Amino acid sequence: MLQAKETSSIKKIENGSIVSAKGFSADGVHVGLRYSKNDLGVIYSEVPASCAAVYTQSHFQAAPLKVTQESVAKENLLQAIIVNSANANACTGEQGLKDAYEMRERCASLFTIQPHYVAVASTGVIGEFLKMDKIRAGIQELNPQCNQEASEAFQTAILTTDLVMKNSCYEVEIDGKTVTIGGAAKGSGMIHPNMATMLSFVTTDANIDSSTLQALLSEVTDKTYNQITVDGDTSTNDMVLVMANGKAENNALNPNHPQWDDFKAAFQLVSEELAKQIAKDGEGATKLIEVEVTGAKTKQEANVVAKKIVGSSLVKTAVYGADANWGRIICAVGYSEAQVEPEKIDIFLGDLCLFTNNSPQSFSEEAASSYLKQDSVKITVNLGVGAEAGKAWGCDLTYDYVKINASYRT
């Protein structure tokens, strides 16, 4: 199993962003969809780029997703992504679809490119029509640049209840060329992807065809974005979009390339960092929870158990209260439908062993409580029935989550 970790050929770029890869630029502006912050953004590639995408599994896919899927299907190439926040343009019928098409057309006109080279994304309140007069005017204000200020303008434009911007960037040496992968994401509540109000955008100057990129994204999504949960709700607008414009001029990447594993690892690092940042910034959250399940019969079962644990409201509230109530972890494992032999399970909170050999273990409640008060908490469960492992990420459940969502529209 590939372990995504930094190596001598892979380097994290601390101030990297969605515009770090060659040939990409971005911008974000305030058009009035919300009171003061930026609410319309764009990512632009100098040339048409190979692309890949994964979408929400909700039966109620929003209009922008339908338009984006149509764009991608035409040539498997994209050159621009237009995004608005404050309004999801979901459950808005034929008018919503017309508005999404108009966003695509006007963005294409701005850059003098084919409409099917444009993807559309929206996030925000469901069931309200877009204020198209504001969006029309706002698109004309967009002026993509390749600098930190422009990147932050875009990142601000895609946020809703998020408290922080989310980004990640890595470089990897391929064929003696520096290949850069940068990403930006938003997501805070309604996060329980099967493929949340979650949007993620990744740009790379790697030379890679769309079919290979799609296979890679689908595989990595199952290990990263699909392994986070904040509140168990899946949104109508979830989407991950990747563009690869080939500007690094490496030899074409595919699983037969001698440095494929390096590129794959760097790509997974970007995706995992974005996923963890989304989980950590859950609405009202005070800490990130990571659950690692080892000793599972299959990789799928390891992932399922990990996500059941991190998604348990009882586990999440116990972590918030700094209460080492391992019984709640046992309960989550018990209803996971994975193969389990109770006498073989081990449970750890950080380095503290809480449960083994089907028996509770003596541990310091004070030490456990102190550990649970940290910004990041790790729970490890060894099922003891196989050799597979998986991870999932989430956050604690707090009083503020209820406050935020009780008045989301008001």
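User: How many bridges join strand 8 to strand 10, and in which sense do the two run?
Analyst: In this predicted model, local features need pLDDT of at least 70 and side-chain atom pairs count only at pLDDT 80 or more, while totals for chains, interfaces and linings use all residues. Residues are numbered from 1 along each chain as its sequence is written, and side-chain values use heavy atoms, with hydrogens and water left out. Strands (E, at least two residues) and helices (H or I, at least four) are DSSP runs numbered from the N terminus, and two strands pair if DSSP finds at least two bridges between them. Strand 8 (residues 199–204) and strand 10 run parallel, and the bridges that join them number six.

User: Which residue of strand 10 is the bridge partner of Thr-204?
Analyst: Thr-204 has its partner in strand 10, a strand that spans residues 239–244. That bridge partner is Ala-244.

User: In which sense does strand 3 pair with strand 10, and which residue stands opposite Val-242?
Analyst: Strand 3 covers residues 40–55, and six bridges connect it with strand 10 in the antiparallel sense. Opposite Val-242 of strand 10 stands Ala-52.

User: How many residues of strand 10 are buried?
Analyst: Buried means under 20% relative accessible area, exposed over 50% and partly exposed in between, with a 1.4 Å probe and protein chains only. Met-239, Leu-241 and Met-243 point one way, Val-240, Val-242 and Ala-244 point the other way, and all are buried. Strand 10 is thus mostly covered, the buried count being six of its six residues.

User: How many aromatic pairs are there, and which parts does the pair of Tyr-44 and Phe-111 tie together?
Analyst: Rings of Phe, Tyr and Trp (its six-membered ring) pair if their centres lie within 6.5 Å; planes under 30 degrees apart count as stacked, over 60 as edge-to-face and the rest as tilted. By this rule there are five aromatic pairs. Tyr-44 and Phe-111 are stacked, at 4.3 Å centre to centre and 20 degrees between the planes. Tyr-44 lies in strand 3 and Phe-111 in helix 2 (residues 93–111), so the pair ties together parts that are 67 residues apart in sequence.

User: Which residues form a cluster through ring pairs?
Analyst: Trp-260 and Phe-263 form a tilted pair, 6.1 Å centre to centre with 40 degrees between the planes. Both lie in helix 6 (residues 260–280), three residues apart, about one turn of the helix. The cluster linked by ring pairs consists of Trp-260, Phe-263 and Phe-267.
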